[in-house]
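Here is a short briefing to read alongside the structure. Take a moment to look it over, and then we can walk through a few of its features together.

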Amino acid sequence: AVTFADNYAGFLKFAAPILRKHRVPVTMFVHTDYVGSQVGRPKMSWADLISLEREGWFTVASQTRTHPADLRSLSARSLAEEMNGSKRALEQKLGHRVNFIAYPNGKYDLRVATAAQAAGYTMAFTEAQTPAERSPNLFMVARYVHTKWRDAIAQARS
């Protein structure tokens, strides 16, 4: 599976044309409070996300509301709002159920994984640098970040 995070607008110009041409399905993890933001690195808009989803190869998923540096440090209330608030916003704007979440910066623990499940997600992604099939459960699914692509290839060959 190919995933992207942070909803950067550059995806439209650089990655989308290549992925579309080769029919590679993609999931984009989005922090909902910043959709459409032009501060710092610009983010895709709701219209961009909806349009990409309508093409049938692109899935929008959650990366919380505000992309906290470390979900483990949040109170139970703040953690629930990050997860539930993002899920609500995505489902309202996109018009369908959102099943997946990626933990910002890959930081999670059992309490965070339990909160993701309680929020109604069916799968959650970490940044553990191992193949997904070695993940302990569906709320701790490993994925490689782009800076670790060489590690992913080496492990796939072994």
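Which residues of S2 point one way, and which the other way? Val 26, Met 28 and Val 30 point one way from S2, while Thr 27 and Phe 29 point the other way. Please keep in mind that this is a predicted model.

**Strands S1 and S2**
- In a regular strand the side chains alternate between the two faces of the sheet.
- Strand S2 spans residues 26-30 and is mostly covered, with five of its five residues buried.
- Strand S1 (residues 2-5) runs parallel to S2, and four bridges join the two.
- Val 2 has Val 26 as its bridge partner in S2.

**A look at Ala 5**
- Ala 5 belongs to strand S1.
- Its relative accessible area is 24%, so Ala 5 is partly exposed, as buried means under 20% and exposed over 50%.
- Leaving aside residues up to four places away in sequence, Ala 5 touches Met 28, Phe 29, Gln 63 and Arg 143.
- Ala 5 and His 31 are 26 residues apart in sequence, and their C-alpha atoms are 8.5 Å apart in space.

**Helices H2 and H3**
- Helix H2 (residues 46-54) packs with helix H3 (residues 76-94) at an angle of about 65°, and their axes are 10 Å apart.
- H2 and H3 are therefore roughly perpendicular to each other.
- The crossing of H2 past H3 is right-handed.
- From H2, Trp 46, Ile 50 and Glu 53 meet Ala 89, Leu 90, Lys 93 and Leu 94 of H3.
- By class, this contact of H2 with H3 has five nonpolar residues, two charged ones and no polar ones.

Note on methods: Residues are numbered from 1 along each chain as its sequence is written. This is a predicted model: local features need pLDDT of at least 70, side-chain atom pairs count only at pLDDT 80 or more; totals for chains, interfaces and linings use all residues. Side-chain values use heavy atoms; hydrogens and water are left out. Axes are lines fitted to C-alpha atoms, for helices over the stretch in contact, and angles run from 0 to 180 degrees between N-to-C directions. Angles under 35 degrees count as roughly parallel, over 145 as roughly antiparallel, 65 to 115 as roughly perpendicular and the rest as oblique. A crossing is left-handed if the near helix is turned anticlockwise from the far one by less than a right angle, and right-handed if clockwise. Contact means heavy atoms within 4.5 Å. Ala, Val, Leu, Ile, Met, Phe, Trp, Tyr, Cys and Pro count as nonpolar, Asp, Glu, Lys and Arg as charged, and the others, Gly among them, as polar. Buried means under 20% relative accessible area, exposed over 50%, partly exposed in between (1.4 Å probe, protein chains only). Two strands pair if DSSP finds at least two bridges between them.
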